[in-house]
Amino acid sequence: MLETLSYTFIQNALLAGILVSVITGIIGTLIVVNKMVFLSGGIAHSAYGGIGIAIFFGLPMLLSTSLFCVAVTIIIAMASYKQRENLDMLIGLTWAVGMSLGIILVDLTPGYQSDLMSYLFGSLLAVTREDLYYMAALLVMVLVIVFTFYRDIVAVSYDSEYANLRGVKTKFFYTLILILSSLTIVISIKVVGLILVIALLTIPIYIASFLCKHLYSMMISAALLSMLFTIIGLVVSYNFDLSSGPSIIMTSSLFAMMVFLYKSLRG
């Protein structure tokens, strides 16, 4: 494996795995704490609409998908303020419409032939230098926002009603967390794909929740665990000629099962 580090695509894959691991560790913690897992799943699958738009109009993939997901996220956030009882239906609708739109646009693209499995299950080894720049910029943005507004984010995450009474702009931070989640989902598609992205955002946090008591320590632990799982999964993928996305998720799932069994036996 060491000699393969001289290849540019392996270096890009490792660097992308590390960048995405830190981002998903931070944002995944916020998703779990704010009980946004199902909502994030809807955003993840609706992202296929952005992929279809990028392919049909020849636009940059990450930029097009990011803008599409942010637009969907804002619609969901605004609707959830007024009609929270219909939120599940709205998520299901955006899920179905996004995927259907993406598939139709890909079918209508003249002469386009591509392996759609790479979008469904990831293609970490296909990460480009431009993708790395996008991931690095998103990481910087996430770190700046979380560090600057940490107290407000904690207040909104654990007790939004009390935070609102204290004058915290709960709707703003709720929407901000959702937008950061949608951008994180877009870059995670490169690593594990649409189908498995929620597992990447939740499994490391599940394990970190057993080890930590504070939000910031959960973020750090989840980022380190995600990094570990990504590297191990990439090694397994390379040595056994397997898809990188499922290899990463299977690695993290095995660790999660071991932690669950250990806690059960101790309990």
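Six aromatic pairs turn up here: the count is 6, and it comes from a predicted model. Phe149, Phe172 and Phe173 are joined by ring pairs into a cluster. On the charged side, the tally is 1 salt bridge.

**Aromatic pairs**

- Phe56 and Phe57 pair up edge-to-face, with 4.9 Å centre to centre and 85° between the planes.
- Of these two, Phe56 is partly exposed at a relative accessible area of 31%, while Phe57 is exposed at 55%.
- Phe149 and Phe173 also make an edge-to-face pair, at 5.4 Å centre to centre and 65° between the planes.
- That pair links distant parts of the chain: Phe149 sits in the loop between α6 and α7 (150-158), Phe173 sits in helix α9, and they are 24 residues apart.
- Phe149 is partly exposed, with a relative accessible area of 31%, but Phe173 is buried at 5%.
- The 65° angle between the planes of Phe149 and Phe173 counts as edge-to-face because the cut-off for that class is over 60 degrees.

**The salt bridge**

- Lys190 forms a salt bridge with Asp131, and their closest N and O atoms are 3.3 Å apart.
- Lys190 belongs to helix α9 (residues 170-211) and Asp131 to helix α6 (residues 129-148), so this contact ties together parts that are 59 residues apart in sequence.

Key. Residues numbered from 1 in each chain as written. Predicted model: local features only at pLDDT ≥ 70, side-chain atom pairs only at ≥ 80, totals over all residues. Heavy atoms only, no water. Salt bridge = Lys/Arg side-chain N within 4 Å of Asp/Glu carboxyl O. Helix = DSSP H or I, 4+ residues; strand = E, 2+ residues; numbered from the N terminus. Phe/Tyr/Trp six-rings, centres within 6.5 Å; stacked < 30°, edge-to-face > 60°. Buried < 20%, exposed > 50% of the residue type's maximum accessible area, 1.4 Å probe, protein only.
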